[in-house]
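Me: I would like to learn how to read a protein model step by step. Could you take me through it, giving the general idea and then the case at hand?

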Amino acid sequence: MRPFLSHPFDDDKLKEECGVFGVIGVADAANFVALGLHALQHRGQEAAGIVTHHPEHGFNSARRFGYVRDNFTSADVMETLPGELGIGHVRYSTAGSKGATAIRDVQPFFGEFSMGGAAIAHNGNLTNAAQLRRELIERGSIFQSSSDSECIIHLMARSIQRTVPERMKDALRRVEGAFSVIAMTRTKLIGVRDPLGVRPLVLGRIGEGYALSSETCGLDIIGAEFIREVDPGEMVVIEDGQIASSRPFGPAKSRFCIFEQVYFSRPDSILGGRSVYETRRQIGVELAREAPVEADLVCPVPDSGTPAAIGFSQESGIPYAMGIIRNQYMGRTFIEPTESIRNMGVRLKLNVNRALIRGKRIILVDDSVVRGTTSRKIKDMILDAGAAEVHFRIASPPTAWPCFYGVDTPERSKLLAATMSEDEMRDWIGVDSLRFISLDGLYRAAGEAAGRDPKSPKFCDACFSGEYPIVPSDKLAEGFEMKQAAE
């Protein structure tokens, strides 16, 4: 079991790989885009980029590593991004290029076509990108980045359609996987979701203009009015204050990513007409019903376990308490410089409230268990502080399968739940009890009163069930073995 001990603390959480935001019809669009990206910072903290267009100055872009607040609050930078139309992107690197990202990999990507330039920003992952890339290179395309998203630009360049939206439709009909794409031309703001709607995208109004965002919290920060979600398989084109909607793809049943509800999205966002916070609180309620235990305190693992811990406490009647305190000012780069700092791991981010938990039986509520390394360290901290018992309750089912749709997931052999039963995980982590919410319980918390319909699930839950709604073509070519269908 030693492989699970060799990974740093930051690698023990699943990470959304990006967030997208765009505005049209507002003065100083870049400032609004920067604010929107700041609200979406949780979706990607490695790098950010903004592209704008001004009738006199044309297209301008700025791409930077690090936080939005550290790069796009400078007047010197923002003055280089004039115009009333702009899009932006925040990103994490994928597992294969982590720590080796070049600035050329940072989106939005820009292309100059015969009818004018266009920029695109993509949230998600293309499951046939390697195949497309080989095909495009053989036909003469020259790639500038390692990103799968660049395939879309090259496919657009090869299209014979006469407008950018039509070229986008051509390109996106060729790709497989999950995508919420925001694009812009000299006069248009475009948003499109893949046919299954795996990744989120919402539409809002700001004054006489409009905004597109990965989440509603991006609209909130700029004071935009939420209009609606962009539907799965829909393309919206906004120009001159008008919105045109089309359906470039064939009909398909929506399969929105359920992990957006569990962890990725901000709790103050609205997804599918439901409050993310309320869904997470209800997960805690379901957990308390499915896996009760006698204890003295319910404590969240901050911050993502907090709403579920509140729900667990409310349903069980066991008092809620902040047994673990998060250091809100610990930047990600602080743990990079030396091995001795890295080895301090979780203690740099979390500290136990010793006076509160000494002698108590503690229920710890966390959002997920990936490799289990963080869970072990937190358990050690709680016991070192004098807790009598430690019980883990996890606000998602066991994560046993990798995601290929825009989430940075370890390979399957490194997922704890892929190699151990729940009892074995309990013993390996070293706690008095460990229970995960059931997949049916998760669906109930997300508004499906009857639980999960195995014949027609409402959500993409491949990381839990192993049932992939979009065939991961590139991974199959690399030898990945999918779950065998039940007889």
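Me: Which residue forms a salt bridge with Glu-290, and how far apart are the closest N and O atoms?

Reply: A salt bridge is a pairing in which a side-chain nitrogen of Lys or Arg comes within 4 Å of a carboxyl oxygen of Asp or Glu. In this predicted model, the partner of Glu-290 is Arg-444, and their closest N and O atoms are 3.0 Å apart. Glu-290 belongs to helix H9 (residues 276-290) and Arg-444 to helix H16 (residues 439-445), so the bridge ties together parts that are 154 residues apart in sequence. Both ends are partly exposed, since the relative accessible area is 22% for Glu-290 and 29% for Arg-444.

Me: Which residues are linked with these two in a network of salt bridges?

Reply: The network joins Glu-286, Arg-289, Glu-290, Glu-315 and Arg-444. For the structure as a whole, the count is 31 salt bridges.

Me: In the salt bridge of Arg-228 with Glu-234, is Glu-234 buried or exposed?

Reply: To read burial, look at the relative accessible area, where under 20% is called buried, over 50% exposed, and anything in between partly exposed. The side chains of Arg-228 and Glu-234 meet with 2.7 Å from N to O. Glu-234 has a relative accessibility of 1% and therefore counts as buried, whereas Arg-228, at 28%, counts as partly exposed.

Me: Where do Glu-467 and Arg-452 lie in the chain?

Reply: These two side chains meet in a salt bridge with an N to O distance of 2.9 Å. The pair links distant parts of the chain, with Glu-467 in the loop between helix H17 (462-465) and helix H18 (473-477), and Arg-452 in the loop between H16 and strand S25 (459-460), 15 residues apart. Here Glu-467 is partly exposed at 34%, while Arg-452 counts as buried because its relative accessibility is 12%.

Me: How many residues of helix H5 are buried?

Reply: Helix H5 (residues 150-158) is mostly covered, with seven of its nine residues buried. Those seven are Glu-150, Cys-151, Ile-152, Ile-153, His-154, Leu-155 and Met-156. Their cover includes strand S6 (109-113), strand S7 (116-126), helix H4 (129-138), H6 and strand S8 (177-184).

Me: Which peptide bonds are cis, and which residues have a positive phi?

Reply: Most residues other than glycine have a negative phi, and most peptide bonds are trans. A cis peptide bond joins Gln-107 and Pro-108, with omega about 5°, and Pro-108 is found in the loop between strand S5 (85-91) and S6. The bond from Pro-302 to Asp-303 is also cis, with omega near -5°. As for positive phi, Asp-28 has a value near 55° and is placed in the loop between strand S2 (18-24) and helix H1 (29-39). Asp-240 has a positive phi of about 55° too; its relative accessible area of 71% makes this residue exposed.

Me: How many helices and strands does the chain have, and what does its radius of gyration tell me?

Reply: The chain contains 18 helices and 25 strands. A compact globule of 487 residues would have a radius of gyration near 23 Å, and the chain agrees with this, having 23 Å. Buried residues make up 57% of the 487.

Conventions. Residues are numbered from 1 along each chain as its sequence is written. This is a predicted model: local features need pLDDT of at least 70, side-chain atom pairs count only at pLDDT 80 or more; totals for chains, interfaces and linings use all residues. Side-chain values use heavy atoms; hydrogens and water are left out. Helices (H or I, at least four residues) and strands (E, at least two) are DSSP runs, numbered from the N terminus. The radius of gyration is taken over C-alpha atoms; the globule rule is 2.2 Å times the number of residues to the power 0.38. Buried means under 20% relative accessible area, exposed over 50%, partly exposed in between (1.4 Å probe, protein chains only). Contact means heavy atoms within 4.5 Å.
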